[in-house]
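These are my notebook entries on one protein chain. I set down what I looked up, in the order in which I looked it up.

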Amino acid sequence: PGAITKNNAGRVVDVDGTTGGVLTFNGAITQNVASGTGIRVANTSGTAAVTFTGLSVANGGGGISLQNNTGSVNVTGSTNTISTTGAVAVDIVNSNIGSSGITLQSVSATNAARGIRLDNTGSVGGSFFTVTGSGTTDGSGGPISRSTTRGITRNNTRSVTIKNPNVTGTGNSTQPVGPQPVKRRTLYTLQLNAARAQPHHR
């Protein structure tokens, strides 16, 4: 498919239960509405491979959610942005990130349980999750503020690089949970202004 724009409630993309084949969203995907719930990929399996190449999502109800995918999911390109108010911006649970990885320029979340959650992801060799920001500009990786639990969480995730985030006003800013067999994790110019902030760098 080409460009997709949705300016009303609901999901702009919803992929569920795909068992094989390649599904590539090679146009810009845009949703900017308070009642939007963003992008969801769930329950893929087998040889299914889903790829997004251009995201601009700013919603009240959700950003990108990847749940229970044994197929692979990739997000490529250099200008992908996710922004939410009252909902998790990036929520990846029990899902394989593909070998092309997930690359976002910025992730922003306000008044959500979390800004970014990575839990049991990235079992495909070479997979990675990256927030690039813009050069070395502080905060360009996106503000994550007033999270009710933790701004950024990760557990059993392969390679994570988050550059230039600004995490403020959360219970715990960057707190890993559970066993942590993380091969690489990098946080650059992370700004912390949170009670009980407990950043961990490995």
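**Entry 1: the chain as a whole**

I began with the surface: the chain exposes about 8,000 Å², and carbon and sulfur atoms supply 48% of that area. Accessible areas come from the Shrake-Rupley method with a 1.4 Å probe, and for residues only the protein chains shown count as cover. I noted that this is a predicted model, in which local features need pLDDT of at least 70 and side-chain atom pairs count only at pLDDT 80 or more, while totals for chains, interfaces and linings use all residues. Residues are numbered from 1 along each chain as its sequence is written, and side-chain values use heavy atoms, with hydrogens and water left out.

I then looked up the secondary structure and found zero helices and 20 strands. Both are DSSP runs numbered from the N terminus: helices are H or I with at least four residues, strands are E with at least two. Of the 202 residues, 50% count as buried (under 20% relative accessible area; exposed is over 50%, partly exposed in between; 1.4 Å probe, protein chains only). Among contacts (heavy atoms within 4.5 Å) with a separation of 6 or more, 78% join residues 24 or more positions apart.

**Entry 2: the largest nonpolar core**

A nonpolar core is a set of buried Ala, Val, Leu, Ile, Met, Phe, Trp, Tyr and Cys residues joined through side-chain atoms within 4.5 Å. The largest one has 33 residues, and Ile39, Phe52, Val90, Ile116 and Phe129 touch the most other members. Strand S10 (residues 90-104) gives the most to this core, with five residues.

**Entry 3: Val131**

I found Val131 in strand S13 (residues 129-131). Is Val131 buried or exposed? Val131 counts as buried because its relative accessibility is 1%. Leaving aside neighbours within four places in sequence, Val131 is in contact with residues including Leu104, Val107, Ile116, Gly141 and Thr161. Thr161 is 30 residues from Val131 along the chain, yet their C-alpha atoms are separated by 6.3 Å.

**Entry 4: two positive phi angles**

Asn43 is not a glycine, but has a positive phi of about 60 degrees. Asn43 lies in the loop between strand S5 (36-42) and strand S6 (49-52), and is partly exposed at 37% relative accessible area. Arg146, also not a glycine, has a positive phi of about 55 degrees. I located Arg146 in the loop between strand S14 (142-145) and strand S15 (150-157). Arg146 counts as partly exposed because its relative accessibility is 47%.
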